[in-house]
Amino acid sequence: MASNINPTIRRRRLGQELRKLREGRNMTAEQVADRLLVSQSKISRLENGRRSISQRDVRDLCGVYEVEDQRIVDLLMQMAKESRQQGWWHAFGDVPYSIYIGFETDAESLRIYSPQVVPGLLQTSSYAEAVITGALPETSTAEIEKRVRVRLRRQDRITMEKDPLRLWAVLDEAALRRVVGNRHLMREQLEHLAEVMQLPQVTVQVLPFDVGAHPGLNGQYAILEFTNEDDPSVVYIEGVTSDLYLEKAPDVQQYSLMYEHLRAQALNVEQSRQLILDIAKEYAKQG
């Protein structure tokens, strides 16, 4: 079995196939749940890929859907087995946003709007530690260190030689002006950001303060797109206690349209890089 199978993507694809089988039988999730004596929410989580799917789950569902082709059953059972493999992030223990990491690991491109801080894929280790410490003041030192290691490991996606992640980030000027840690740390972070911007697969634009009101005022979000046509795009919105994943085409289209407006209102790449370097110099003068 291939060692690079992404369990998050496998669960998502398997869930899509199970939903197709249910809809093909003109059954609701509630009807299926009643047949299997489980909750409707379990059926929904299985279909949207948010819950691990066992081979027993697949067998029971295929029975309800009266799937007679054993080849289909065997394929779904294999997908269930592969979906329970561990991704690289599982080596770090319990990672709160593991579903997102799974998507990010397999994505072809990622568009991010970040109004408050520099995105994780573009952070230095010191900045990442300061951000996590400030955002999660009750978190232990060991947990902070683990999260920093995971964040740095994620950055391999934009630096790998073969098929790197194509990253487009729009940052609000506030993300550059907000002093995270101290001014010396901020200078290093902005200089790092300016350097990473020179990678052909990385594009960064800054939305200056004088733009005024804009479509991103509701907060940060990310849009992930995939090479395989069977994997629809996903909008990811990070929350405090839970995260939101939007996969319906109208939702993705709406957020994509908002992103196009943000890109159009932001400074171009060269202007953005110059502003980043200018602010870094300001931090250097301030000590």
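**Entry 1**

I looked up D156 and found it partly exposed, at 35% relative accessibility. Partly exposed lies between buried (under 20% relative accessible area) and exposed (over 50%), with a 1.4 Å probe and protein chains only. This is a predicted model: local features need pLDDT of at least 70, side-chain atom pairs count only at pLDDT 80 or more, and totals for chains, interfaces and linings use all residues. Residues are numbered from 1 along each chain as its sequence is written, and side-chain values use heavy atoms, with hydrogens and water left out.

I then checked what D156 pairs with. R153 forms a salt bridge with D156, with 3.4 Å between the closest N and O atoms. I take a salt bridge as a side-chain nitrogen of Lys or Arg within 4 Å of a carboxyl oxygen of Asp or Glu. R153 is also partly exposed, at 33%.

**Entry 2: other salt bridges**

I counted 21 salt bridges by this rule. One of them joins D231 and R13, whose closest N and O atoms are 2.5 Å apart. D231 sits in the loop between β4 (221–225) and β5 (234–237), while R13 is in helix α1 (residues 7–24), 218 residues away. Helices (H or I, at least four residues) and strands (E, at least two) are DSSP runs, numbered from the N terminus. I found both D231 and R13 buried.

Next I looked at R25, which pairs with E66 at 3.0 Å. R25 is in the loop between α1 and α2 (29–36) and E66 in the loop between α4 (55–64) and α5 (70–83), so the bridge ties together parts 41 residues apart in sequence. R25 is partly exposed, at 39%.

I also noted a network of salt bridges that links R111, E225, E260 and R263.

**Entry 3: the two domains**

I looked up the domain assignment, which gives domain 1 (9–84) and domain 2 (88–285). Such bounds come from an automatic or database assignment. The contact (heavy atoms within 4.5 Å) takes 7 residues from domain 1 and 13 residues from domain 2.

How much area is buried between domain 1 and domain 2? I read about 820 Å², with 43% from carbon and sulfur atoms. Buried area is the accessible area (1.4 Å probe) that two parts lose on being put together, summed over both. I9, R12 and R50 supply 71% of what domain 1 buries against domain 2.

I found 2 salt bridges across this interface. I also checked R12 and E247, whose side chains meet in a salt bridge at 2.9 Å, N to O.
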